[in-house]
Amino acid sequence: MHKSIKYLEKTMSIAANRLWQIFCWSNHFFPENPSFTPAWSEKPLLKSYEKSKPPLGWPRQTDSLCPRCVPEIRRQIVDGKQDYHVLLNERPGEIKAQIIERDGKILMVKDCPVHGHFEDVLSIDPDFLRHLEDTFPGRDIRAHNDEKLHNHGSSTIRHGRGSVLTIDLTNRCNMMCDPCFMDANQVGFVHELTWEEIKTLLDNAFSIKPRRQMSVQFSGGEPTLSPYFLDAIRYARQLGYDSVQAATNGIEFAKDPEFAAQAAEAGLRYAYLQFDGIGNAANSHRNVGNLFDLKLRAIENLHSNGVEIVLVTTVVNGINNEQVGRVVQFALDNPDKIALVSFQPVSFTGRDEAITEERRKAQRYTLSHLAHDVKAQLNIGEPARDWFPLSFLSTFSDWADLVHGPDAAWGHVACGCHPNCGVGMAIMVDKQTREGVPVTAFINADQFAKDVARINDWARSRWISAAGMALALIRNYDPFRAPTHFRAIDMLKKLDKGLGATGHDYGDVSGKRTMEDIVRRRLDRWNLLFVAGMWFQDLFNYDFRRTEQCIIPYATQEGEISFCAYNTGVGWRNLDQVVRRARTSRDIRRRQESET
Ligand code: SF4
């Protein structure tokens with residue numbers, strides 16, 4: 001792009017800054033409009049200053065679990081020696097934990113009166129964690145009308161509606177991974193949801209307020225093995241969810257392009273593809289010789305049928321963290337196919353709860369390790385400038401909720417998780433030249449979010465709010481740091497495409513979308529590649545302040561439970577069957593009593 005355009009954009013940015021001052025000044029003459037209550041909630045939208053926050057910074061105290069008491073209690077409940085109600089009415093295994101800084105690291109330290117002292121690393125970079133906590137905008141609207149689904153004692157989800165609803169369709173799998181969250185194929189029995197059960201879980205999810213858009217994720221085992229996989233996608237789309245994804249190893253999609261076409265036709269929008277690294281050697285621990293080749297074929301079959309790809313990599317320090325840069329590079333090299341990369345630092349759960357202290361110390365991988373590895377291996381992203389908590393995006397969802405008005409049937413998808421849970425870096429990638437630059441290198445994101453929060457608080461009309469958003473963006477935009485061919489108008493279009501403010505048709509994303517819609521959305525020269533990290537907890541770093549605002553609810557027959565509380569914590573996954581058995585026999589008893 002000719003340099004003169006960059007100078008012109010710089011002039012625009014300076015002018016936008018002046019206009020922004022006038023915009024703010026004129027808004028001071030009118031009081032803030034009150035927040036409206038949208039159709040999708042029974043509580044009003046929150047002003048930025050009404051949002052609650054958990055205690056942040058350090059030193060601080062939080063509620064955690066003893067890594068030795070909890071497995072004992074779990075076993076007692078599974079063996080029938082203890083009633084599961086203890087989880088609802090008491091706080092078994094819970095102990096206080098301190099979050100402190102020591103020797104340039106942030107640690108969680110805690111003492112159990114029976115099992116002694118435990119400590120683990122939360123961050124190897126205090127500035128990085130401070131930046132995440134400083135830019136956390138606050139929690140979402142409190143969950144309501146949710147008593148039947150959110151009832152898990154101290155593990156209960158209390159805020160928001162989540163953003164990824166996870167439903168395990170089956171525990172069957174076509175691989176034998178070790179470790180496996182599900183213990184799929186190793187538990188000795190098949191647990192597979194019936195069609196009626198799948199419908200009930202989705203109908204239940206639809207009933208909770210606030211009713212926000214979520215990504216419905218069908219998971220497993222391997223969800224493609226469920227006989228209801230395609231029907232479940234279709235039904236979730238019918239209910240009105242814009243995004244339906246499958247957490248898959250990709251084997252079925254690699255084997256059969258027709259199956260990928262059927263899934264796309266049913267409404268599958270994203271494949272959340274297990275992706276351990278680049279090359280067959282990096283995948284060899286899964287015991288399939290040509291697994292990487294299979295992944296490439298799955299990506300091809302899914303993409304050509306209109307399904308976008310999310311690469312998902314679990315990272316263990318010293319084992320595969322050298323793959324982090326290569327996986328991001330793969331996404332940068334394939335900007336037309338890869339929408340998102342999701343790294344999941346290892347969580348020592350299941351059999352790994354018994355891990356030795358030595359191995360845990362060596363293999364612990366935090367979000368701060370991730371940011372530093374990406375920087376060291378690719379020279380992309382300043383840890384304390386370009387990485388933000390996932391919840392940072394919620395200021396922009398709030399803006400979308402405002403401009404969509406009180407009659408919108410759904411709230412915009414919102415990530416309201418704790419700033420210690422998840423992080424992300426957005427990279428703007430030129431699909432033609434492959435040049436990629438973190439968005440926060442050329443947009444002052446911190447100031448931009450503060451500006452948007454002011455617009456949200458004023459709560460003016462749709463078009464005034466849209467004009468404010470445009471001014472805020474351009475005044476915080478530095479054209480000389482942006483990719484060579486990027487223009488401010490491209491960023492405005494990206495925002496509009498994601499937040500749907502002007503009603504412009506970029507290609508339908510609802511269940512009615514056609515291949516034409518998909519092609520239209522893909523025509524964009526720019527891929528906003530999101531590199532995310534979600535750090536699932538384990539008993540060594542467990543923090544109840546995180547689960548109570550969890551954005552990954554697991555939909556089960558016993559309600560919706562935080563992913564962490566389900567898979568780690570007191571381990572509702574193990575207790576699910578016990579609770580269900582107890583409730584079923586109680587119902588039978590009650591029925592018998594009423595009949596006599
Ligand atoms: S799944 Fe765990 S790490 Fe992720 S948002 Fe929920 S509580 Fe946080």
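**Group meeting: the ligand shell and the core**

Let's start at the ligand. By class, its shell holds 10 nonpolar, 5 polar and 1 charged residues. Keep in mind that this is a predicted model. In total, 16 residues surround the ligand. Which are the closest? Cys417, Cys421, Cys550, Phe563 and Cys564. Two helices each supply at least two residues of that shell: α20, residues 544-547, and α21, residues 563-567.

Now the whole protein. It has 22 helices and 16 strands. The C-alpha trace spans about 80 × 60 × 55 Å along its principal axes. For 596 residues, a compact globule would have a radius of gyration near 25 Å; the protein has 24 Å, which agrees. Of those 596 residues, 48% count as buried. Take the contacts with a separation of 6 or more: 76% of them join residues 24 or more positions apart.

Next, the core. The largest nonpolar core has 148 residues. Among those with the most contacts inside it are Ala232, Leu273 and Val452. Helix α17, residues 462-475, gives this core its largest share, 7 residues. Look at Leu273. Beyond its neighbours within four places in sequence, Leu273 is in contact with residues including Thr248, Gly250, Lys295 and Ile309.

Last stop, helix α2, residues 69-78. Val70, Ile73, Arg74 and Ile77 are buried there. Why do they sit on the same side of α2? Because they cover an arc of only 100° around the axis. In general, an α-helix has 3.6 residues a turn, so residues three or four places apart point the same way. Just after α2 comes Gly80, with a positive phi of about 80°.

Technical notes
Residues are numbered from 1 along each chain as its sequence is written. This is a predicted model: local features need pLDDT of at least 70, side-chain atom pairs count only at pLDDT 80 or more; totals for chains, interfaces and linings use all residues. A residue is near a molecule or strand if its C-beta atom, placed from the backbone, lies within 6 Å of it. Helices (H or I, at least four residues) and strands (E, at least two) are DSSP runs, numbered from the N terminus. Ala, Val, Leu, Ile, Met, Phe, Trp, Tyr, Cys and Pro count as nonpolar, Asp, Glu, Lys and Arg as charged, and the others, Gly among them, as polar. A residue is buried if 20 or more other C-beta atoms lie within 10 Å of its own, exposed if 12 or fewer, and partly exposed in between; C-beta atoms are placed from the backbone. The arc is that of the directions from the helix axis to the C-beta atoms. A nonpolar core is a set of buried Ala, Val, Leu, Ile, Met, Phe, Trp, Tyr and Cys residues joined through C-beta atoms within 7 Å. Two residues are in contact if their C-beta atoms, placed from the backbone, lie within 7 Å. The radius of gyration is taken over C-alpha atoms; the globule rule is 2.2 Å times the number of residues to the power 0.38.
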